[in-house]
Amino acid sequence: MNRIWLHGLLRRRAGRLGMAAAGVAVAVALLASLGAFLASSQASMTARAVRDVPVDWQVQVQPGADSAAVLATVRATPGTMAALPVGFGRADGLTATTGATTQTTGAAVVLGLPDSYRATFPGELRTLAGTDHGVLLAQQTAANLGVSPGDTITANLLGGAAVTFRVDGVVELPAANSLFQAVGAPPGSQPAAPPDNVVLLPEARWQALFAPLASTAAAPDLVRTQIHTVRGHVLPPDPASAFTQETGAARNLEAQSSGSAVVGDNLGAALDAARSDAAYAQVLFVFLGLPGAVLAGLLTAMVAAAGADRRRQEQALARSRGVSSAQAMRLAAVEAGSVALAGALIGLGVAAVVGWLAFGSVNFGATTVSAVAWTAGAALVGLLIAAASILAPANKDLRWATVAAVRRSAEPASARERGPWWSRYGVDVLLLAGGGLAVWASSGNGYQLVLAPEGVPTISVSYWAFAGPALLWAGAGLLVWRLADLALRRRQLVRRALRPVAGGLAPTAAAMMARRRRPVARAIVLLGLALAFAASTATFNATYQAQAEADAQLTNGADVTVSESPGVRVGPDAAAALAGVAGVRAVEPLQHRFAYVGADLQDLYGVAPATITGVTALQDTYFQGGSARALMNTLAASPDSILVSAETVKDYQLHPGDVVNLRLQDSATKQLTTVPFHYAGIVNEFPTAPKDSFFVANASYVAAQTGSNAVGAFLIDTGGQNVTSVAQAVQARLGASATVTDIAHARSRVGSSLTAVDLAGLTRVELAFALVLATAAGGLVLFLGLTERRRTFAIATALGATRRQLRGLVAAEAALLTAGGLAAGVAVGWLLSQVLVAVLTGVFDPPPAALTIPWPYLAGTALITVAALGAAAAGALRQGHRPPVRELRQL
């Protein structure tokens with residue numbers, strides 16, 4: 001019997017089965033594709049964290065320990081690919097005489113590097129001038145001394161004599177912060193900045209100078225040895241698992257060394273930072289993936305519900321011929337299983353193709369276990385959707401259809417006109433209120449969606465934050481249902497609205513839709529939620545990309561930034577030479593000084609308020625107390641005004657207009673001088689500024705008060721074009737005297753690895769599925785609804801209705817569904833976009849001032865949805881043109 005039933009379904013109901021299977025396939029494909037996204041994102045996060053670490057381990061040899069023994073232990077540790085000793089010595093000053101002037105610096109660090117160090121750790125050194133070997137100076141040191149390759153310097157070694165070196169090259173130290181870290185010290189006690197003066201010597205020459213000093217009493221403070229190590233990077237793809245494995249290996253080495261070595265685990269620190277990105281990937285899956293899967297399930301349920309009347313007739317006929325309830329349920333299970341199997345196979349196939357195109361992988365998980373789990377989970381979801389859409393209604397019909405029919409016939413008309421139970425109890429209002437409270441709580445100050453304490457193996461995600469959007473989503477859907485039901489009850493209102501479309505049949509169309517208001521309201525809700533899903537997902541992604549770009553520009557300052565070396569005095573007039581480089585549109589000087597407020601030393605940036613916005617973007621969210629333009633106007637109108645960080649305002653209890661006395665260095669006396677400012681507003685972010693406390697002031701006022709107009713950086717605008725080639729041209733013109741960075745490089749360094757690697761692929765997948773759901777929710781639901789009323793149209797035709805009149809009835813329903821769905825989609829989409837950005841604030845850096853609306857995508861989605869509705873209406877009309885007698889006989 002089961003085979004006969006399935007054969008009949010495939011022969012007579014193949015189209016409806018195919019549509020239901022397509023709904024299941026969309027849900028399965030979306031979930032499996034997101035599994036591919038998580039697998040790809042986790043693997044790429046781990047690979048990115050590993051790739052960006054120049055030295056995996058810096059193993060500090062403890063005082064009195066045998067460095068050769070420690071080196072042998074490190075090399076014997078499983079996973080070690082290479083290990084080289086690096087010497088750290090100290091000098092109390094450097095001196096250089098060029099021409100008639102003599103320059104002297106403060107304390108310096110002298111490194112001893114093996115000959116193979118540059119090849120083993122290529123990320124630590126970058127040659128700017130001269131050769132790659134011999135005596136090398138750090139860029140800032142060369143600038144402080146005013147020397148270049150071929151010049152001679154003298155180093156006064158601590159505990160030793162003065163030594164003269166001939167400079168062979170000038171290098172940049174890109175990873176200076178980690179290179180000169182205090183190994184074993186807590187994060188809060190690390191040096192605020194790397195040393196200003198660094199000399200790099202060949203290992204043999206360093207040993208000749210500092211080996212004799214190692215036996216002195218002060219040797220622990222003067223001479224140190226580190227073992228720099230390259231690890232094999234055979235790590236789990238999940239950053240959290242990789243972090244646990246890597247930190248365990250580092251602790252194992254410390255245990256084996258019996259206290260003679262302490263590991264500075266740079267690789268573990270990078271993986272530690274990547275763990276929160278992996279957690280946010282899971283968050284994005286929940287926020288952006290589950291709504292789509294739920295919509296696909298609702299769409300499948302709508303497809304199944306469109307044939308509910310026909311299924312009841314078939315069940316009644318089967319029961320009248322002796323089929324038992326258990327047999328009827330088995331037949332329904334055959335239908336549900338066929339839909340689930342076909343949908344799961346198609347969905348997994350689509351997901352594999354999507355994963356290959358979007359993420360470069362067909363795996364649905366980072367490991368074999370997770371891949372099997374994602375595959376089975378997605379298929380199980382498809383099975384549950386099919387069961388809920390086909391099996392559950394069939395069971396309900398068998399158990400309750402007859403009783404419900406009797407009850408309805410006995411109920412008065414007023415009782416049958418009542419709305420659903422949830423509308424009588426205001427469930428939609430309660431859900432919206434609860435969602436609003438949840439969003440308010442989860443987007444408040446200090447709330448952290450993902451908590452990853454530094455150095456702790458476990459991370460936590462506050463899944464309570466998902467309650468707000470989920471409640472608002474459900475409440476908004478029910479509210480749309482309530483409003484649509486109320487509107488359809490107002491026949492006069494509907495008749496007037498439909499008159500331009502249906503003409504004289506507007507009263508008939510209004511009456512038909514009033515009688516069918518529940519399925520029409522469900523169709524409006526489904527279309528509205530599908531459009532809202534597309535709108536909120538697209539808006540979130542567009543806002544995310546805009547803020548990622550803003551973060552890169554904040555970090556770099558502009559398209560191209562020229563940072564002058566400390567100690568080099570360059571005035572704003574040097575901007576003219578930079579403006580002559582091909583591709584440069586504008587150049588803006590930016591002062592960078594250091595100022596004392598009380599006992600605190602903070603960065604101070606001097607700007608030209610009238611022109612700073614011409615080369616870099618200043619968002620209103622960077623400031624408090626006024627917009628970006630208003631506060632720049634304040635700095636221009638009152639040159640002694642100053643913008644202060646929120647932390648400083650709180651610490652010093654400042655109020656607008658208060659005098660802030662800063663101590664800055666006077667260029668003539670080289671002594672600190674007090675400069676009065678007036679507090680005008682709060683600055684939270686500023687191009688090239690650090691994340692903590694700093695000041696922003698008028699550059700002309702700072703120059704007048706200190707006697708120096710020296711510039712710390714030049715911000716260069718290229719219009720976003722050819723930034724890398726322009727940066728290379730600028731660097732070639734300036735040589736080793738300044739550091740040139742571009743925004744393209746900043747994009748790859750700042751922000752989370754989720755932003756830099758995977759979000760683009762996720763965006764394409766999400767927007768494609770959102771478009772499919774919106775189109776299907778509009779066109780497919782309308783087509784099925786009209787198809788189920790072929791009997792009505794056939795009777796109308798038999799009674800003399802013309803094609804034009806039928807076209808008016810169909811167009812009226814299509815127009816109502818289009819208008820209601822678009823209105824609901826716009827309203828709910830706007831609400832969900834605001835909520836997503838508010839709850840996922842931790843993803844954005846910096847937080848956005850306003851949503852970024854992707855108008856082309858939204859307009860295209862709306863047009864395609866309207867076109868699908870039109871195509872569905874046209875298809876239903878073609879069926880209505882068949883001879884009514886034949887149509888009635890078939891039905």
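Predicted model: local features only at pLDDT ≥ 70, side-chain atom pairs only at ≥ 80, totals over all residues.

Residues are numbered from 1 along each chain as its sequence is written, and side-chain values use heavy atoms, with hydrogens and water left out.

Salt bridges, then. Side chains of opposite charge can pair when their charged atoms come close. The term here means a side-chain nitrogen of Lys or Arg within 4 Å of a carboxyl oxygen of Asp or Glu. How many salt bridges does the structure hold? There are nine.

One of them joins glutamate 172 to arginine 126, with 2.3 Å from N to O. Glutamate 172 belongs to strand S9, residues 169-172, and arginine 126 to strand S5, residues 126-130, so this pair ties together parts 46 residues apart in sequence. Helices (H or I, at least four residues) and strands (E, at least two) are DSSP runs, numbered from the N terminus. Are the two partners buried or exposed? I use buried for under 20% relative accessible area, exposed for over 50%, and partly exposed for in between, with a 1.4 Å probe and protein chains only. Glutamate 172 is buried at 16%, and arginine 126 is partly exposed at 37%.

Aspartate 168 and arginine 166 also meet in a salt bridge, at 3.2 Å from N to O. Aspartate 168 is partly exposed, with 22% relative accessibility.

Next, aspartate 485 and arginine 517 form a salt bridge whose closest N and O atoms are 3.2 Å apart. Aspartate 485 sits in helix H17 (residues 467-489) and arginine 517 in helix H20 (residues 517-556), so the pair links parts 32 residues apart in sequence. Aspartate 485 is buried at 7% relative accessibility, and arginine 517 is buried at 10%. Through shared partners, salt bridges join Asp485, Arg489 and Arg517 into one network.

Now the covered helix. H19, residues 506-515, has seven of its ten residues buried. Among the buried ones are Ala506, Met512 and Met513.

Two packed helices are described by the angle between their axes and the distance between the axes. Axes here are lines fitted to C-alpha atoms, for helices over the stretch in contact, and angles run from 0 to 180 degrees between N-to-C directions.

The axes of H19 and helix H29 (residues 803-839) come within 10 Å and cross at roughly 55 degrees. That makes H19 oblique to H29; angles under 35 degrees count as roughly parallel, over 145 as roughly antiparallel, 65 to 115 as roughly perpendicular, and the rest as oblique. On the H19 side, the contact, meaning heavy atoms within 4.5 Å, is made by Thr508, Ala509, Met512 and Met513, and on the H29 side by Leu809, Ala812, Glu813 and Leu816.

H29 also packs with H17, at an angle of about 160 degrees and with the axes 11 Å apart. H17 and H29 are therefore roughly antiparallel. H17 contributes residues including Pro469, Trp473 and Leu488 to that contact, and H29 contributes residues including Leu816, Val828 and Val839.

That is the end of my part.
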